[in-house]
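This report covers the salt bridges and the sheet arrangement of one structure. The sequence and coordinates follow.

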Amino acid sequence: MTEPKRYRAETRVAFTELSAGGAALLHLGTKMYFTLNETGAHVWKALQAGPQSAGSIGASLAEAFECTEEQAERDVEALLAELIREGLVHPA
């Protein structure tokens with residue numbers, strides 16, 4: 001059985017939690033900023049803790065937001081794909 005693909009947060013990104021529960025990201029290299037909703041902020045915090053797989057983040061998300069792990073993992077994979085396109089996340 002192969003190891004699941006793991007991802008890490010770009011180190012040149014400033015993270016700020018917002019009062020509404022989301023977060024703002026500023027890529028210090030490109031000077032572009034991005035906003036995340038509450039679940040996106042949860043994903044980002046998991047990535048900041050160290051390299052993670054979409055499955056492990058999805059399990060944590062499902063527990064925190066009371067949804068199925070399958071749906072949470074699909075949502076995490078979609079967000080990771082977008083964050084990778086923007087240079088905010090990289091394969092570990």
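Which side chain meets that of Lys45 in a salt bridge? The partner is Glu17, with a distance of 3.0 Å from N to O; a salt bridge here is a side-chain nitrogen of Lys or Arg within 4 Å of a carboxyl oxygen of Asp or Glu. This pair links distant parts of the chain, 28 residues apart: Lys45 lies in helix H1 (residues 38-48) and Glu17 in strand S2 (residues 13-17). Helices (H or I, at least four residues) and strands (E, at least two) are DSSP runs, numbered from the N terminus.

The model is predicted: local features need pLDDT of at least 70, side-chain atom pairs count only at pLDDT 80 or more, and totals for chains, interfaces and linings use all residues. Residues are numbered from 1 along each chain as its sequence is written, and side-chain values use heavy atoms, with hydrogens and water left out.

Two salt bridges are found in the whole structure. The other listed here joins Glu10 to Arg12, with the closest N and O atoms 3.0 Å apart. The table gives the accessibility of the residues concerned, where buried means under 20% relative accessible area, exposed over 50%, and partly exposed in between (1.4 Å probe, protein chains only).

| Residue | Relative accessible area | Class |
|---|---|---|
| Glu10 | 10% | buried |
| Arg12 | 44% | partly exposed |
| Lys45 | 39% | partly exposed |
| Glu17 | 48% | partly exposed |

An open sheet of three strands has the order S5-S1-S6 with antiparallel pairing, where two strands pair if DSSP finds at least two bridges between them. Strands S5 (52-53) and S6 (89-91) form the edges, each pairing on one side only. Strand S1 (residues 6-9) pairs with S5 over two bridges, and Tyr7 stands opposite Gln52 in S5.
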